[in-house]
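Here are my notes for someone opening this structure for the first time. Keep the view beside you and follow the points in order.

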Amino acid sequence: MIRAIPDDGQVTEAGAYRMSMNLYHSQRVCPDVSVSSTGIRKAALQSPLSFWKTSDLNPNRYPPKEESDALILGKAAHCLILGDEVFAENFAYVPEDAPRRPTATQIAAFQKNGFWSEAAKDGAEWWERFDKEAAGRSLLTAEQVTRIGYMAENLQALPEAREALIGELTEISMIWQDEQTGLWVKSRPDCIP
């Protein structure tokens, strides 16, 4: 049986669950320390230090890397094609006709003078509004949206691939407590055949 867990819920027993990606990756998902299969692989294949220096369990962890365009594209495609997250809650589309963002020089002049130059003013105001509306979401360009469309089209053309990737058992979180260590262990495969 697959149970649904809301974002303010918590897993207290071993099982299969539907939950948001944010809840799955958080420490609040379980009543005690949890580690994902990715974390376990990182510790085993790289080193325990590699795991620890980026772990959210480490109060002195390295700051998270800025997401690359490729990672944003992959996450967005995953979200749209597999339907595991609400797309609009995680991504914002930057229109093709969006003005250029102010340059570093224009930003430095603004910080020094307290006002935008005529060349930067319209773009700065547009981006300030856009960034406020898109806060917390990854930004997608028109090219990325087109590429995601191509991925979905190619997936539709291959029934075997579609069957393997899209089904009722997509993005199911499997969580259990290890008897020896007491750690809560998490795994979230794209699809369970």
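1. A word on terms before the tour: helices here are DSSP runs of H or I with at least four residues, strands are runs of E with at least two, and both are numbered from the N terminus. Please also keep in mind that this is a predicted model.

2. Let's begin with helix H7, which covers residues 118-133.

3. Which residues of H7 are buried? They are Ala-120, Gly-123, Ala-124, Trp-127 and Phe-130. The cover over these buried residues includes S4, H6 and strand S5 (138-140). An α-helix has 3.6 residues a turn, so residues three or four places apart point the same way.

4. Now for the aromatics. The structure has 4 aromatic pairs. One of them joins Trp-126 and Trp-127: the ring centres are 4.9 Å apart and the planes make an angle of 80°, so this pair counts as edge-to-face, the cut-off for that class being over 60 degrees. Trp-126 also pairs with Phe-130, this time stacked, with 5.1 Å from centre to centre and 10° between the planes. Trp-126 and Phe-130 are 4 residues apart in H7, so about one helical turn separates them. Taken together, Trp-126, Trp-127 and Phe-130 make up one aromatic cluster.

5. You'll find Thr-103 in the loop that runs between strand S4 (91-93) and helix H6 (104-113). Its relative accessible area is 28%, so Thr-103 is partly exposed. Along the chain, Thr-103 and Ala-124 are 21 residues apart, while their C-alpha atoms are separated by 9.6 Å. Ala-124 is one of the buried residues of H7.

6. On to the sheet. Five strands make an open sheet in the order S1-S2-S6-S7-S3, and the pairing is mixed. The edges are strand S1 (2-4) and strand S3 (34-36), each of which pairs on one side only. From one strand to the next, the twist averages 30°.

7. How do the strands pair? S1 and strand S2 (residues 15-18) are parallel, over 3 bridges, and Ile-2 has Ala-16 in S2 as its bridge partner. S2 and strand S6 (residues 173-177) are antiparallel, also over 3 bridges; here Ala-16 stands opposite Met-174 in S6.

8. S6 and S7 are antiparallel over 4 bridges, and Gln-177 stands opposite Trp-184 in S7. The two strands form a hairpin with 6 residues between them, and Gly-182 in the turn has a positive phi of about 80°.

9. Two last things to find. Helix H2 (residues 37-45) lies across S3 and strand S7 (184-187), running at about 75° to S3. And Lys-186 lies over the face of Tyr-24, at 5.2 Å from the ring centre.

Methods:
Residues numbered from 1 in each chain as written. Predicted model: local features only at pLDDT ≥ 70, side-chain atom pairs only at ≥ 80, totals over all residues. Heavy atoms only, no water. Buried < 20%, exposed > 50% of the residue type's maximum accessible area, 1.4 Å probe, protein only. Phe/Tyr/Trp six-rings, centres within 6.5 Å; stacked < 30°, edge-to-face > 60°. Lys NZ or Arg CZ within 6 Å of the ring centre and 35° of its normal. Pairing = 2+ DSSP bridges. Axes fitted to C-alpha atoms, helices over the stretch in contact; angles between N-to-C directions. Contact = heavy atoms within 4.5 Å.
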